[in-house]
Amino acid sequence: MAPPHPAHDVTEHVGYRLKRAAAALRGAMDKALRERGLTVPQYACLELLDQRPGLSNAELARGAFVTRQSMNVVLRGLQDADLISRPATTDHGRALPAHLTEAGRERLDAARSAVYAIERTMVDAFPQRRLAALLADLDRMAEALGR
């Protein structure tokens, strides 16, 4: 089978380049967040709850790109650290809505600064006028694969 575009080796494929960029981002985020007592999924969870308080485990799992089981572990850890609150029971359904605590908001603010600095480094690596096109291209790639 012929490659989808001219490439001399695997390092010239789009998928390889995307994975390389994602691995570099994840490594930088892991390091920065570890210094602030968070993991990448925990940070993602706090960001999502800041934007949309009351999300359920399933909604948070989808937004953070982890399984529901993994998000259960993330939520327990955040709750044990008093960074989020969840009711012990709910009036309807099984979903337990989560909310940031004041400590969670403070931790998020500190972590957000570090993560935004990483993203700024990435964005500064290419002309600003190309950002909108890059974001649109990435969205189209994800949509082409059903995500």
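This is a predicted model: local features need pLDDT of at least 70, side-chain atom pairs count only at pLDDT 80 or more; totals for chains, interfaces and linings use all residues.

Student: Where in the chain does the pair sit?
Tutor: Glu47 is in helix 2 (residues 40-51) and Arg112 is in helix 5 (residues 102-123). They are 65 residues apart, so the pair links distant parts of the chain. Helices (H or I, at least four residues) and strands (E, at least two) are DSSP runs, numbered from the N terminus.

Student: Is Glu47 buried or exposed? And what about Arg112, buried or exposed?
Tutor: Glu47 is buried, at 9% relative accessibility, and Arg112 is buried too, with 17%. Buried means under 20% relative accessible area, exposed over 50%, and partly exposed in between, with a 1.4 Å probe and protein chains only.

Student: OK, back to salt bridges. How many are there?
Tutor: The count comes to nine. One of them joins Lys31 and Glu35, with the closest N and O atoms 3.3 Å apart. Glu35 is exposed, at a relative accessible area of 55%.

Student: What does Asp124 pair with?
Tutor: Asp124 forms a salt bridge with Arg120, and their closest N and O atoms are 3.2 Å apart. Asp124 counts as exposed at 53% relative accessibility, while Arg120 is partly exposed at 46%.

Student: Which residues get joined into a network?
Tutor: Glu47, Asp50, Arg105, Asp109 and Arg112, through salt bridges that share partners.

Student: Switching topic: how many helices and strands are there?
Tutor: Six helices and two strands. Along the sequence they follow the pattern α-α-α-α-β-β-α-α.

Student: I keep seeing helix 5. Why does its span make sense?
Tutor: Helix 5 has 22 residues, which at 1.5 Å a residue should span 32 Å, and its end C-alpha atoms are 31 Å apart, which agrees. The expected span is 1.5 Å times one less than the number of residues.

Student: Which of the residues in helix 5 are buried?
Tutor: They are Gly104, Leu108, Ala111, Arg112, Ala114, Val115, Ile118 and Val123.

Student: And what covers them?
Tutor: The cover includes helix 1 (14-34), helix 2, strand 2 (99-100) and helix 6 (131-144).

Student: What about the loops? Where does Ser56 lie?
Tutor: Ser56 lies in the loop between helix 2 and helix 3 (57-64). Ser56 is buried, with a relative accessible area of 12%.

Student: What is Ser56 in contact with?
Tutor: Leaving aside neighbours within four places in sequence, Ser56 is in contact with Ala95 and Leu96. Contact means heavy atoms within 4.5 Å.

Student: Last one: how much of the chain is buried?
Tutor: Buried residues make up 26% of the 147 residues. The C-alpha atoms fill a box of roughly 55 × 30 × 25 Å, taken along the principal axes.

Notes
Residues are numbered from 1 along each chain as its sequence is written. Side-chain values use heavy atoms; hydrogens and water are left out. A salt bridge is a side-chain nitrogen of Lys or Arg within 4 Å of a carboxyl oxygen of Asp or Glu.
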